[in-house]
Amino acid sequence: MMATRRGNVLSIESTSVQDYVKVLYTSTEWHGGAITASHLATRLSVANSSVTGMVAKLVELGLADHRKYGPISLTPAGLRLALAMVRRHRLIETFLVRELGYGWDEVHDEAELLEHSVSAAFIERLAAKLDHPSRDPHGDPIPTREGTVHYPAALRLDSLDEGHTGTLARVSDDDPGVLRFLDRHGIALDDELLLGRRGAGSALELHVGAATTPLPIDGMLAAALWIESSTPHPGCTVEDGRAERGSISPTRVADASAPRLSP
(Lines give C-alpha, C1' and ligand atoms only; values in the text may rest on other atoms or scores of the structure.)
Protein backbone atom coordinates (compact mmCIF):
# COMPACT_ATOMS: atom_id res chain seq x y z
CA MET A 1 0.00 0.00 0.00
CA MET A 2 1.67 3.14 -1.23
CA ALA A 3 1.18 6.59 0.27
CA THR A 4 -1.17 8.49 -2.02
CA ARG A 5 -2.94 11.83 -2.05
CA ARG A 6 -6.38 12.93 -3.11
CA GLY A 7 -5.89 16.55 -4.01
CA ASN A 8 -4.09 18.00 -1.01
CA VAL A 9 -5.34 15.37 1.43
CA LEU A 10 -3.63 12.07 2.19
CA SER A 11 -5.73 8.99 1.42
CA ILE A 12 -6.39 5.98 3.65
CA GLU A 13 -3.65 4.13 1.74
CA SER A 14 -1.04 6.43 3.31
CA THR A 15 1.13 4.73 5.90
CA SER A 16 1.05 7.85 8.08
CA VAL A 17 -2.76 7.89 8.09
CA GLN A 18 -2.84 4.21 8.96
CA ASP A 19 -0.29 4.67 11.75
CA TYR A 20 -2.18 7.58 13.28
CA VAL A 21 -5.57 5.87 13.40
CA LYS A 22 -3.96 2.74 14.83
CA VAL A 23 -2.24 4.70 17.61
CA LEU A 24 -5.46 6.59 18.35
CA TYR A 25 -7.16 3.24 18.88
CA THR A 26 -4.44 1.41 20.81
CA SER A 27 -3.65 4.37 23.10
CA THR A 28 -7.03 4.06 24.82
CA GLU A 29 -7.71 0.39 24.05
CA TRP A 30 -7.04 -0.94 27.55
CA HIS A 31 -7.23 2.21 29.64
CA GLY A 32 -10.24 3.98 28.17
CA GLY A 33 -10.42 7.75 28.38
CA ALA A 34 -9.50 10.25 25.69
CA ILE A 35 -6.31 11.15 23.88
CA THR A 36 -5.18 14.71 23.15
CA ALA A 37 -2.83 16.03 20.49
CA SER A 38 -0.01 16.36 23.04
CA HIS A 39 -0.48 12.77 24.21
CA LEU A 40 -0.45 11.63 20.58
CA ALA A 41 2.75 13.58 19.90
CA THR A 42 4.44 11.91 22.86
CA ARG A 43 3.27 8.49 21.79
CA LEU A 44 4.53 8.96 18.22
CA SER A 45 7.69 10.89 19.23
CA VAL A 46 6.86 13.77 16.88
CA ALA A 47 6.35 17.51 17.30
CA ASN A 48 2.97 18.85 18.41
CA SER A 49 2.76 20.83 15.16
CA SER A 50 3.09 17.63 13.13
CA VAL A 51 0.25 16.04 15.06
CA THR A 52 -1.96 19.11 14.62
CA GLY A 53 -1.53 19.01 10.86
CA MET A 54 -2.07 15.28 10.61
CA VAL A 55 -5.17 15.32 12.80
CA ALA A 56 -6.64 18.00 10.54
CA LYS A 57 -6.08 15.65 7.58
CA LEU A 58 -7.77 12.80 9.44
CA VAL A 59 -10.77 15.04 10.06
CA GLU A 60 -10.88 15.95 6.35
CA LEU A 61 -10.86 12.26 5.49
CA GLY A 62 -13.74 11.62 7.86
CA LEU A 63 -11.59 9.37 10.06
CA ALA A 64 -11.46 11.50 13.22
CA ASP A 65 -13.38 14.09 15.20
CA HIS A 66 -11.49 16.91 16.90
CA ARG A 67 -12.30 20.31 18.32
CA LYS A 68 -9.55 22.78 19.11
CA TYR A 69 -7.86 21.94 22.43
CA GLY A 70 -10.21 18.99 22.85
CA PRO A 71 -9.62 15.24 22.73
CA ILE A 72 -9.32 13.35 19.46
CA SER A 73 -11.67 10.47 18.70
CA LEU A 74 -12.15 8.12 15.78
CA THR A 75 -15.27 8.19 13.66
CA PRO A 76 -16.88 4.85 12.70
CA ALA A 77 -14.86 5.00 9.47
CA GLY A 78 -11.66 5.71 11.40
CA LEU A 79 -12.39 2.92 13.83
CA ARG A 80 -12.88 0.46 11.00
CA LEU A 81 -9.54 1.42 9.45
CA ALA A 82 -7.81 1.27 12.86
CA LEU A 83 -9.15 -2.22 13.54
CA ALA A 84 -7.98 -3.38 10.10
CA MET A 85 -4.47 -2.12 10.87
CA VAL A 86 -4.46 -3.59 14.37
CA ARG A 87 -5.55 -6.93 12.88
CA ARG A 88 -2.68 -6.80 10.38
CA HIS A 89 -0.12 -5.89 13.03
CA ARG A 90 -1.12 -8.55 15.52
CA LEU A 91 -1.48 -11.35 12.99
CA ILE A 92 2.01 -10.58 11.67
CA GLU A 93 3.42 -10.55 15.21
CA THR A 94 1.80 -13.92 15.84
CA PHE A 95 3.26 -15.34 12.62
CA LEU A 96 6.75 -14.09 13.45
CA VAL A 97 6.69 -15.76 16.87
CA ARG A 98 4.97 -19.01 15.91
CA GLU A 99 6.52 -19.70 12.53
CA LEU A 100 9.82 -17.81 12.41
CA GLY A 101 11.02 -18.15 15.99
CA TYR A 102 11.09 -14.45 16.90
CA GLY A 103 10.98 -13.52 20.56
CA TRP A 104 7.94 -11.57 21.74
CA ASP A 105 10.27 -8.65 22.45
CA GLU A 106 11.46 -8.54 18.80
CA VAL A 107 8.27 -8.51 16.76
CA HIS A 108 6.78 -5.04 17.18
CA ASP A 109 9.15 -3.13 14.89
CA GLU A 110 9.11 -5.88 12.25
CA ALA A 111 5.31 -5.88 12.21
CA GLU A 112 5.28 -2.07 11.92
CA LEU A 113 7.18 -2.39 8.65
CA LEU A 114 5.38 -5.40 7.21
CA GLU A 115 1.81 -4.33 7.96
CA HIS A 116 1.97 -1.64 5.27
CA SER A 117 3.51 -3.89 2.64
CA VAL A 118 1.08 -6.80 2.37
CA SER A 119 -2.36 -7.04 0.81
CA ALA A 120 -5.68 -7.68 2.52
CA ALA A 121 -5.79 -11.06 0.75
CA PHE A 122 -2.40 -11.97 2.24
CA ILE A 123 -3.61 -11.07 5.73
CA GLU A 124 -6.66 -13.33 5.40
CA ARG A 125 -4.50 -16.22 4.17
CA LEU A 126 -2.16 -15.58 7.08
CA ALA A 127 -5.09 -15.69 9.51
CA ALA A 128 -6.21 -19.02 8.04
CA LYS A 129 -2.66 -20.40 8.23
CA LEU A 130 -2.54 -19.48 11.92
CA ASP A 131 -6.03 -20.98 12.50
CA HIS A 132 -7.56 -17.58 13.22
CA PRO A 133 -5.88 -16.77 16.56
CA SER A 134 -7.84 -14.65 19.03
CA ARG A 135 -4.81 -12.89 20.57
CA ASP A 136 -1.26 -11.95 19.69
CA PRO A 137 1.93 -13.02 21.54
CA HIS A 138 1.43 -10.26 24.13
CA GLY A 139 -2.20 -11.14 24.87
CA ASP A 140 -3.73 -8.26 22.91
CA PRO A 141 -6.93 -9.37 21.16
CA ILE A 142 -6.87 -9.72 17.38
CA PRO A 143 -9.94 -8.13 15.74
CA THR A 144 -11.87 -10.43 13.45
CA ARG A 145 -12.25 -9.65 9.78
CA GLU A 146 -15.72 -8.28 10.59
CA GLY A 147 -14.38 -5.90 13.24
CA THR A 148 -15.31 -7.77 16.41
CA VAL A 149 -12.95 -7.57 19.40
CA HIS A 150 -13.27 -9.46 22.67
CA TYR A 151 -11.29 -8.39 25.73
CA PRO A 152 -10.65 -10.58 28.77
CA ALA A 153 -11.93 -9.42 32.15
CA ALA A 154 -8.43 -8.36 33.17
CA LEU A 155 -7.01 -5.62 35.38
CA ARG A 156 -3.55 -4.12 35.69
CA LEU A 157 -1.43 -5.78 38.34
CA ASP A 158 -0.62 -2.50 40.06
CA SER A 159 -4.35 -1.91 40.66
CA LEU A 160 -4.82 -5.17 42.58
CA ASP A 161 -4.60 -5.75 46.30
CA GLU A 162 -2.45 -8.15 48.32
CA GLY A 163 -3.46 -11.77 47.94
CA HIS A 164 -5.06 -11.32 44.51
CA THR A 165 -4.55 -14.26 42.17
CA GLY A 166 -5.18 -14.82 38.49
CA THR A 167 -3.63 -15.67 35.15
CA LEU A 168 -1.40 -13.39 33.11
CA ALA A 169 -3.72 -12.26 30.30
CA ARG A 170 -1.75 -9.47 28.68
CA VAL A 171 1.69 -7.82 28.74
CA SER A 172 2.20 -4.34 27.34
CA ASP A 173 4.86 -4.37 24.62
CA ASP A 174 5.72 -0.68 25.04
CA ASP A 175 9.01 -1.63 26.74
CA PRO A 176 10.85 -4.68 25.31
CA GLY A 177 12.87 -4.76 28.54
CA VAL A 178 9.74 -5.86 30.43
CA LEU A 179 9.27 -8.76 28.01
CA ARG A 180 12.91 -9.80 28.37
CA PHE A 181 12.62 -9.63 32.17
CA LEU A 182 9.64 -11.99 32.07
CA ASP A 183 11.56 -14.34 29.76
CA ARG A 184 14.50 -14.45 32.17
CA HIS A 185 12.16 -15.49 34.96
CA GLY A 186 10.19 -17.96 32.85
CA ILE A 187 6.91 -16.02 33.02
CA ALA A 188 4.50 -16.37 30.10
CA LEU A 189 0.87 -15.72 29.20
CA ASP A 190 -1.64 -17.84 31.17
CA ASP A 191 0.78 -18.40 34.06
CA GLU A 192 -0.82 -18.31 37.50
CA LEU A 193 0.29 -15.26 39.48
CA LEU A 194 -0.33 -14.09 43.01
CA LEU A 195 0.32 -10.57 44.24
CA GLY A 196 2.10 -10.85 47.56
CA ARG A 197 3.15 -8.15 49.94
CA ARG A 198 3.26 -4.53 48.83
CA GLY A 199 6.48 -2.90 49.95
CA ALA A 200 7.55 0.70 50.32
CA GLY A 201 6.69 2.96 47.43
CA SER A 202 5.85 0.97 44.31
CA ALA A 203 7.71 -2.22 45.30
CA LEU A 204 5.67 -5.42 44.97
CA GLU A 205 6.18 -9.12 45.52
CA LEU A 206 4.94 -11.48 42.84
CA HIS A 207 4.49 -15.22 43.27
CA VAL A 208 4.61 -17.25 40.04
CA GLY A 209 2.81 -20.59 39.94
CA ALA A 210 3.59 -22.76 42.94
CA ALA A 211 6.84 -20.91 43.75
CA THR A 212 7.12 -19.99 47.41
CA THR A 213 9.89 -17.45 46.90
CA PRO A 214 8.44 -14.14 45.71
CA LEU A 215 9.85 -12.20 42.80
CA PRO A 216 10.39 -8.53 43.65
CA ILE A 217 9.10 -6.18 40.95
CA ASP A 218 8.69 -2.43 40.64
CA GLY A 219 5.68 -0.33 39.74
CA MET A 220 6.69 0.10 36.10
CA LEU A 221 6.68 -3.64 35.52
CA ALA A 222 3.45 -4.10 37.47
CA ALA A 223 1.78 -1.50 35.27
CA ALA A 224 2.65 -3.58 32.18
CA LEU A 225 0.95 -6.78 33.40
CA TRP A 226 -2.78 -7.49 33.14
CA ILE A 227 -4.29 -10.22 35.30
CA GLU A 228 -7.53 -12.11 34.73
CA SER A 229 -9.16 -13.79 37.72
CA SER A 230 -12.52 -15.48 38.18
CA THR A 231 -12.70 -15.80 41.98
CA PRO A 232 -12.16 -12.93 44.44
CA HIS A 233 -10.04 -13.66 47.50
CA PRO A 234 -11.30 -12.96 51.03
CA GLY A 235 -11.42 -9.23 51.60
CA CYS A 236 -10.89 -8.47 47.90
CA THR A 237 -11.27 -4.76 47.17
CA VAL A 238 -11.16 -4.92 43.37
CA GLU A 239 -14.15 -7.16 42.68
CA ASP A 240 -16.23 -4.31 41.31
CA GLY A 241 -13.47 -3.23 38.93
CA ARG A 242 -13.05 -6.76 37.67
CA ALA A 243 -16.76 -7.12 37.03
CA GLU A 244 -16.84 -3.81 35.17
CA ARG A 245 -13.99 -4.87 32.89
CA GLY A 246 -15.61 -8.24 32.22
CA SER A 247 -18.91 -6.65 31.24
CA ILE A 248 -17.44 -4.85 28.23
CA SER A 249 -19.12 -6.14 25.09
CA PRO A 250 -17.19 -7.03 21.95
CA THR A 251 -16.83 -4.08 19.58
CA ARG A 252 -18.46 -4.47 16.19
CA VAL A 253 -17.92 -2.04 13.34
CA ALA A 254 -20.53 -2.44 10.62
CA ASP A 255 -20.57 1.00 9.00
CA ALA A 256 -20.95 0.28 5.30
CA SER A 257 -19.59 3.73 4.45
CA ALA A 258 -16.32 3.11 6.28
CA PRO A 259 -13.21 2.83 4.11
CA ARG A 260 -11.69 -0.53 3.24
CA LEU A 261 -8.07 -1.29 2.50
CA SER A 262 -7.18 -2.32 -1.02
CA PRO A 263 -7.14 -6.09 -1.62
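I began with tyrosine 69, which lies in the loop between strand 3 (64-66) and strand 4 (72-74). I take helices (H or I, at least four residues) and strands (E, at least two) as DSSP runs, numbered from the N terminus. I note that this is a predicted model, in which local features need pLDDT of at least 70 and side-chain atom pairs count only at pLDDT 80 or more, while totals for chains, interfaces and linings use all residues. Residues are numbered from 1 along each chain as its sequence is written, and side-chain values use heavy atoms, with hydrogens and water left out.

**Entry on backbone angles.** I looked up phi for tyrosine 69 and found a positive value of about 70°, although the residue is not a glycine. Tyrosine 69 counts as exposed because its relative accessibility is 75%. My classes are buried for under 20% relative accessible area, exposed for over 50%, and partly exposed in between (1.4 Å probe, protein chains only). I then turned to histidine 132, a residue other than glycine whose phi is also positive, near 50°. Histidine 132 sits in the loop between helix 6 (120-129) and strand 5 (154-156). With a relative accessibility of 53%, histidine 132 counts as exposed.

**Entry on the whole chain.** I recorded nine helices and 10 strands in the protein chain. Of its 263 residues, 44% are buried. The protein chain exposes about 13,200 Å², with 52% of that supplied by carbon and sulfur atoms; accessible areas come from the Shrake-Rupley method with a 1.4 Å probe, and for residues only the protein chains shown count as cover. Among contacts (heavy atoms within 4.5 Å) with a separation of 6 or more, 68% join residues 24 or more positions apart.

**Entry on the nonpolar cores.** I define a nonpolar core as a set of buried Ala, Val, Leu, Ile, Met, Phe, Trp, Tyr and Cys residues joined through side-chain atoms within 4.5 Å. The largest has 29 residues, of which Tyr25, Leu40, Leu58, Leu63 and Leu81 touch the most other members. Helix 1, helix 2, helix 3 (48-60) and helix 4 each supply at least two residues of this core. I also found a second, separate core of 25 residues, including Leu155, Leu182, Leu206 and Leu215. For leucine 58, I set aside neighbours within four places in sequence and found contacts with Val17, Tyr20, Val21, Leu24, Leu63 and Ala64.

**Entry on pairs apart in sequence.** Lysine 57 belongs to helix 3 and counts as partly exposed, at 24% relative accessibility. Its C-alpha atom is 8.5 Å from that of valine 17, 40 residues away along the chain. I placed glutamine 18 in helix 1; glutamine 18 is buried, with a relative accessible area of 0%. From glutamine 18 to leucine 81, I noted 63 residues in sequence and 7.3 Å in space, C-alpha to C-alpha. Alanine 211 lies in the loop between strand 8 (204-208) and strand 9 (215-217) and is partly exposed at 39% relative accessibility. Alanine 211 and leucine 194 are 17 residues apart in sequence, with 9.9 Å between their C-alpha atoms.

**Entry on the largest pocket.** I read a volume of about 900 Å³ for the largest pocket. Its lining has 38 residues, and those closest to its centre are Thr26, Arg43, His108, Asp173 and Asp174. Two or more lining residues come from each of helix 1 (15-27), helix 2 (37-44), helix 4 (76-100), helix 5 (107-114) and helix 7 (176-184). Helix 1 gives the largest share, six residues. A pocket here is an open set of points on a 1 Å grid over the protein atoms alone, where a 1.4 Å probe fits, with protein on both sides within 12 Å along at least five of seven lines; lining residues have an atom within 4 Å of a point.

Methods:
Points joined across faces, edges and corners; volume = space filled by probe spheres on them.
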